[in-house]
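Hello,

Please find the structure below. My notes on it follow.

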Amino acid sequence: MATSEDKNIRKTFTVLENSKTDNEKFAALLLFAKTTNAKELSLEDRKRALDAIGVTFFNRLLKSKNIPEDCEVDVYRSLALKILSGLCGDNQLVLEFEVYKNLRSINDIITDSDSQEDMIIDCYDLLSAFAQTEEGSIKLVDYGTVTALSEVITKHLPGCEKGQIILQSVLQLCGDYAWKKDTPSMQVVLEHFCKQLETFQDERKFDLCAVVSGIVSSLPKDVAKKSLQRTWFKSLVHAIADMFTSKLGQPQRDPALRLASSVLDKLGVDCILPPNSDDCKLLLVIIHLSCIEVRISLENLNPDQIRSKADTLVSCYNLLELIICHMTSAPSLKLDENQVLQLHSAMEGAFNSVIFYLREQSELEIQRVDPSQIVLASVRVLGSWVAEETSALKARVQEILPFILKLCTCQLKCTKTKRPSLKKKSVKFKSDTEDRSESTLSSELESCTITQEETENNTIPENVDLSKDSSESHSDITSEDVKDSCSCDASESDNSNHNHLVNQDSTNSDSTRTNSEESEKLEINKSDQSVCSNNTSSGTSVSGDINIRNVDLIGFLLPGFCHMTAEDLSRKILLDNDLQSVLSLYFKNCVDGLEEKFEEDILRSMETLCGVFLNLVVLEPELIAENEELHKVTQSIFKCAKLICNKEDTLTLWANIITLGVFFLRQQAHVKYDKDDLTKFFSMVVSFIKAPYTSLTVDSAEVLSVAELYIPVWDSIYQLWYLCIQATTSCLPMYPTLVYAMMSTGFLPHIIRLLNKVHGRNVDEDTLLCLIGVITSLVTSEVKAVDVLRSCGGFEFARLYNCSELEKLIEK
């Protein structure tokens with residue numbers, strides 16, 4: 001039986017729907033406001049009311065200046081806002097009902113210091129509904145609300161606190177778009193907060209850290225590059241220096257470290273180095289404090305406490321990644337020996353704690369593993385360490401490899417896509433100090449278990465000392481305590497190798513062992529594909545919300561895997577724990593991703609992955625020959641080679657893929673692959689062998705030269721070219737389709753005439769030997785090749801380059 005309240009609502013709706021003129025609608029609205037609590041209506045009833053009123057009527061009420069003499073000046077606007085805010089509190093209704101058409105009127109109200117308080121509150125309720133979704137946030141940008149919020153905040157108008165929260169939410173969801181559409185307003189608001197951050201000398205300074213961090217994190221790349229010239233940048237660096245050279249307790253340390261992480265992540269480590277600062281001391285203090293924070297948290301706190309510090313811990317991890325990347329790729333910090341030793345010792349201690357924490361997690365069943373930011377970020381940051389430091393903590397890292405691979409396997413099963421990616425999602429408004437909620441593993445993980453017993457049964461080195469898991473508490477250490485350890489004056493000597501952090505040259509030198517045929521050529525390690533690039537596979541900073549679906553664990557581990565697969569013990573542990581299956585599926589997902597878009601992080605990961613596979617094909621040839629998962633890799637190689645063929649921006653990856661494919665096929669001649677796939681792939685192999693070299697006229701003489709297309713990448717792929725020719729030479733007797741590709745593409749006439757034309761000028765010995773080898777192999781594999789040689793200058797070539805064996809073959 002209907003209640004009297006239901007009858008009143010139905011009666012009100014009838015009046016609304018039957019009103020024709022503006023006067024009738026206004027009277028109906030007054031009745032509606034008096035008899036109905038809009039926020040308690042069902043979604044269906046709210047939609048019915050909005051349809052009955054119409055968006056244009058609200059627009060007229062908000063803009064109308066014809067106010068009856070006996071009414072308050074804001075009676076129309078106040079009524080419209082009250083009903084709109086009540087009916088459109090849902091973040092979808094504000095879009096469905098096209099409330100954004102009223103945004104300019106709302107902007108005028110919040111920037112008018114004379115507006116009534118109730119009206120301002122209603123305006124912010126509506127703006128909050130918009131700011132909960134990406135689509136709504138874009139509307140706020142398009143209709144000038146970001147400009148209005150900037151004015152409200154900088155002029156400290158009524159509601160500026162709510163305006164600040166809404167602006168932060170907009171920047172979180174579409175910050176790049178907001179900057180591009182309204183850079184001047186964003187610069188003004190950032191200038192405002194940075195100046196306050198520099199000026200305040202009380203707790204307000206640390207309350208502002210989250211605000212400034214959010215705005216800085218939203219900076220587009222092009223704006224960030226020009227930021228060092230802005231006045232707000234100087235204020236920001238001065239404020240950070242002021243914080244980290246003061247005595248900080250735990251409540252101050254957390255926001256300061258999160259701010260430093262965002263600033264260095266977006267503006268680069270150089271932003272706090274000379275000439276922007278006097279010396280390296282500020283950077284050293286920040287890194288030392290980050291190391292201490294990691295040790296305090298992971299060694300002394302319980303799981304709930306660790307989860308509550310997720311944002312701070314992940315920010316510290318980000319700082320460690322940044323300093324590793326800077327020290328291995330940027331100009332020297334010019335530290336003296338003592339500073340280098342102290343820095344390396346601090347970082348080693350921090351990563352020892354990371355391993356300790358992951359070891360504890362590995363003893364749980366996988367369903368009980370905390371899949372939040374900390375576990376995944378711990379694996380990621382450990383990947384940056386093992387990518388560059390191959391000796392320190394090696395045994396400890398080997399200990400947890402089974403767990404890491406199990407976690408990677410679970411991620412691949414959960415994502416089932418080309419790469420983990422952030423989904424657009426609604427956000428809830430929170431205070432600046434409120435922690436983000438923790439993410440959880442999806443239900444697919446329930447089928448994946450790893451127990452303590454299983455971990456112990458895996459291959460783990462016997463000399464691991466588990467007694468070093470715990471360490472003394474550092475809970476009372478503050479920034480004041482680490483300043484002394486960083487106070488040594490920077491030496492003028494260039495300590496560019498940084499002694500203990502492995503530099504690029506040293507990592508490349510031992511990356512791959514070779515068999516006798518390739519001992520001088522195979523140097524494939526991909527450690528130069530730095531995991532420290534903070535354009536992460538997810539497209540977000542490490543300091544954001546992380547779950548199993550949007551962190552590319554494998555991508556960050558690949559450089560380390562490249563080192564480990566070159567070492568006997570590490571490689572055995574990895575293969576015993578099914579590394580080959582993990583990498584095979586990951587490779588397939590990456591190739592599938594290339595069908596949609598050529599993303600830089602996918603290309604870079606695939607180049608590094610090729611290095612891992614090349615290590616395996618040289619050191620574990622039987623595995624490549626027999627493992628069915630690796631046979632699937634070959635099929636993915638065929639697909640990938642076609643996708644990226646003849647594309648300038650993927651030339652480096654194409655060289656890797658072609659070379660890897662030939663190496664795999666050399667071990668898999670017994671496997672039945674589709675003949676058409678083989679023919680197309682071998683045609684690309686021949687193209688890669690032919691294309692890099694051409695002739696160039698220098699001082700009226702023709703000399704051998706690298707083709708223009710290949711010049712930008714030649715330094716990074718010339719070794720691959722040598723390896724590809726060597727493997728192709730071995731494959732010719734095995735694959736008639738390769739012989740056919742060589743003959744049908746005119747390989748012999750092209751190479752013979754080119755080398756005859758340059759007459760030995762600029763032809764180095766290695767290049768000549770490789771080409772002679774593949775020509776000789778082709779001639780012995782195909783009788784028709786002799787006739788081709790005779791017709792295109794084969795005798796001249798053989799005599800010019802002293803190829804007695806080839807000359808004899810031609811004469812026969």
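Which helices each supply at least two residues of the lining of the second largest cavity? They are α21 (373-388), α22 (394-415) and α26 (553-564); helices are DSSP runs of H or I with at least four residues, numbered from the N terminus.

This is a predicted model, where local features need pLDDT of at least 70 and side-chain atom pairs count only at pLDDT 80 or more, while totals for chains, interfaces and linings use all residues. Residues are numbered from 1 along each chain as its sequence is written, and side-chain values use heavy atoms, without hydrogens and water.

The structure has seven cavities of 30 Å³ or more. A cavity is a set of points, on a 1 Å grid over the protein atoms alone, where a 1.4 Å probe fits but cannot get out; lining residues have an atom within 4 Å of a point. A volume is the space filled by probe spheres set on the points. The second largest cavity holds about 110 Å³. Val386, Glu389, Thr390, Lys394 and Met564 are the closest to its centre among the 13 lining residues.

Elsewhere, Asn102 sits in the loop between α6 (93-96) and α7 (103-110). Asn102 counts as buried because its relative accessibility is 0%; buried means under 20% relative accessible area with a 1.4 Å probe, protein chains only. Leaving out residues up to four places away in sequence, Asn102 touches Val55, Phe58, Asn59, Leu62 and Leu84, where contact means heavy atoms within 4.5 Å.

In α7, six of the eight residues are buried. The elements covering them include α4 (55-63) and α5 (75-87).

Regards

Methods
Buried means under 20% relative accessible area, exposed over 50%, partly exposed in between (1.4 Å probe, protein chains only). On a 1 Å grid over the protein atoms alone, a cavity is a set of points where a 1.4 Å probe fits but cannot get out, and a pocket is an open set with protein on both sides within 12 Å along at least five of seven lines; lining residues have an atom within 4 Å of a point.
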